[in-house]
Amino acid sequence: SYDELKTNSRKTQWRIQQFLGKEIPGELATLNKVDNPNKLNEISLVSRQMLEPFFKDKNEELYEFLEAHPGPWMEQRPFPRFLAEL
């Protein structure tokens, strides 16, 4: 949870790594504090290259689900695809 991320970022990172079955370099602890001059505004290329294959099939399932279960008329349709710009 976000609360756990704020209070115990190392445990959160461990949980994410266990879920993905991969060790991810770096630290969640201080990279994105508002006042940090090294604040990251987007995911690193290495992280994207590691995560994209993991989410590819799940994204396809999401697109199929959204097409089969259209929501209210004001929702964007078709749902825009996530584009990889690696």
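**Exercise 1. Nonpolar patch**

Task: Find which residues make the nonpolar surface patch of about 310 Å².

Solution: 
- The model is predicted; local features need pLDDT of at least 70, side-chain atom pairs count only at pLDDT 80 or more, and totals for chains, interfaces and linings use all residues. Residues are numbered from 1 along each chain as its sequence is written, and side-chain values use heavy atoms, with hydrogens and water left out.
- Apply the patch rule: residues with over 30% relative accessible area and no salt bridge, nonpolar side chains (Val, Leu, Ile, Met, Phe, Trp, Tyr) joined within 5 Å, like charges within 9 Å. Areas come from the Shrake-Rupley method with a 1.4 Å probe; for residues, only the protein chains shown count as cover.
- The patch is made by Phe19, Phe54 and Phe55.
- Check exposure (buried under 20% relative accessible area, exposed over 50%, partly exposed in between; 1.4 Å probe, protein chains only). Phe54 has 33% relative accessibility, so Phe54 counts as partly exposed. Phe55, at 35%, also counts as partly exposed.

**Exercise 2. Aromatic pair**

Task: Classify the one aromatic pair of the structure.

Solution: 
- Rings of Phe, Tyr and Trp (its six-membered ring) pair if their centres lie within 6.5 Å; planes under 30 degrees apart are stacked, over 60 edge-to-face, the rest tilted.
- The ring centres of Phe54 and Phe55 are 5.0 Å apart and the planes stand at 90°, so this pair is edge-to-face.

**Exercise 3. Helix 3**

Task: Compare the reach of helix 3 with its expected span, then locate its bend.

Solution: 
- Helices (H or I, at least four residues) and strands (E, at least two) are DSSP runs, numbered from the N terminus. Helix 3 covers residues 45-68.
- The expected span is 1.5 Å times one less than the number of residues.
- Helix 3 bends by about 45° at Phe55. The bend is the angle between axes fitted to the seven residues ending there and the seven starting there.

**Exercise 4. Salt bridges**

Task: Identify the two salt bridges and place their partners.

Solution: 
- Require a side-chain nitrogen of Lys or Arg within 4 Å of a carboxyl oxygen of Asp or Glu.
- Lys58 pairs with Glu61, closest N and O atoms 3.7 Å apart. Both lie in helix 3, three residues apart, about one turn.
- Arg81 pairs with Glu60 at 2.8 Å between the closest N and O atoms. Arg81 lies in the segment after helix 3 and Glu60 in helix 3, so this bridge ties together parts 21 residues apart in sequence.
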